[in-house]
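Here are a few notes to read with the model open beside you. Take the points one at a time and find each residue as you go.

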Amino acid sequence: MKLIVETERLLVVEAELEDSKFFFELLNSPNWLEFIGDRGIKTEKHAEAYIQSSLISSYENNGYGLFKMVLRQSLEPIGICGFVKRDYLEHPDIGFAILPQFEGKGFVFEACNSLLIYGKEILSLHPILAITTEKNVRSQALLSKIGLNSSGIIKPNKEEFLLYST
């Protein structure tokens, strides 16, 4: 478990193939399906393939990716937060998701705040972008709360996203 950042209540660590049960649950949670989209993860084996192709390959190729958020005390995985390099964005964007039972407790805010510092100071990412949908008002509020500013609309692949930037 490679530690990326540590907060008062969380450890943010690299995901591992052994996390397939957690990722299966997260990628099939209601908010993931509504706001991020169905990734076709129908089994834990699919989740393992997703971890390898989307997360571990990003760590290896970019030096960053989406990281697993775990509770400091119990090491229970509760969500993900990190940076994504998308083909249609010039700079990496910060992304996050959390299991429904942990929503509204400030965990994503805590992780994102620490990761923004990590991204700027350790990874030298500037600017850091973010995208969300118009209907995802909770995500919009969090992005504003961590200091990102709305900077327009982008339309990759016929989808429309609100763009935020540091």
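Predicted model: local features only at pLDDT ≥ 70, side-chain atom pairs only at ≥ 80, totals over all residues.

1. Where does Lys42 sit? Look in the loop between helix H2 (30-36) and helix H3 (44-62). From there, the side chain of Lys42 makes a polar contact with the side chain of Asp38, at 3.2 Å.

2. Which residues does Lys42 touch, once those up to four places away in sequence are set aside? They are Phe24 and Asn28.

3. Now turn to Val12, in strand E2 (residues 10-13). Is Val12 buried or exposed? Val12 counts as buried, because its relative accessibility is 0% and the cut-off for buried is under 20%.

4. The surroundings of Val12 are worth a careful look. Leaving out residues up to four places away in sequence, Val12 touches Lys2, Leu3, Ile4, Val5, Phe67, Lys68, Met69, Cys81, Ala111 and Leu115. Pick out Met69 from that list: Val12 and Met69 are 57 residues apart in sequence, yet their C-alpha atoms are 4.6 Å apart in space.

5. The remaining points concern the backbone. Most residues other than glycine have a negative phi, and most peptide bonds are trans. With that in mind, have a look at Leu75, which has a positive phi of about 65 degrees although it is not a glycine. You will find Leu75 in the loop between strand E3 (66-71) and strand E4 (77-84). Leu75 is partly exposed, because its relative accessible area is 43%.

6. Ser124 also belongs in this part of the note: its phi is positive, about 55 degrees, although Ser124 is not a glycine. Its place is in the loop between H4 and E6. Is Ser124 buried or exposed? Ser124 is exposed, because its relative accessible area is 59% and the cut-off for exposed is over 50%.

7. Finally, check the peptide bond from His126 to Pro127, which is cis, with omega near -10 degrees. Pro127 is found in the loop between helix H4 (107-121) and strand E6 (129-132).

Terms used:
Residues numbered from 1 in each chain as written. Heavy atoms only, no water. Helix = DSSP H or I, 4+ residues; strand = E, 2+ residues; numbered from the N terminus. Contact = heavy atoms within 4.5 Å. Polar contact = N/O pair within 3.5 Å; in protein donor to acceptor, adjacent residues only side chain to side chain. Buried < 20%, exposed > 50% of the residue type's maximum accessible area, 1.4 Å probe, protein only.
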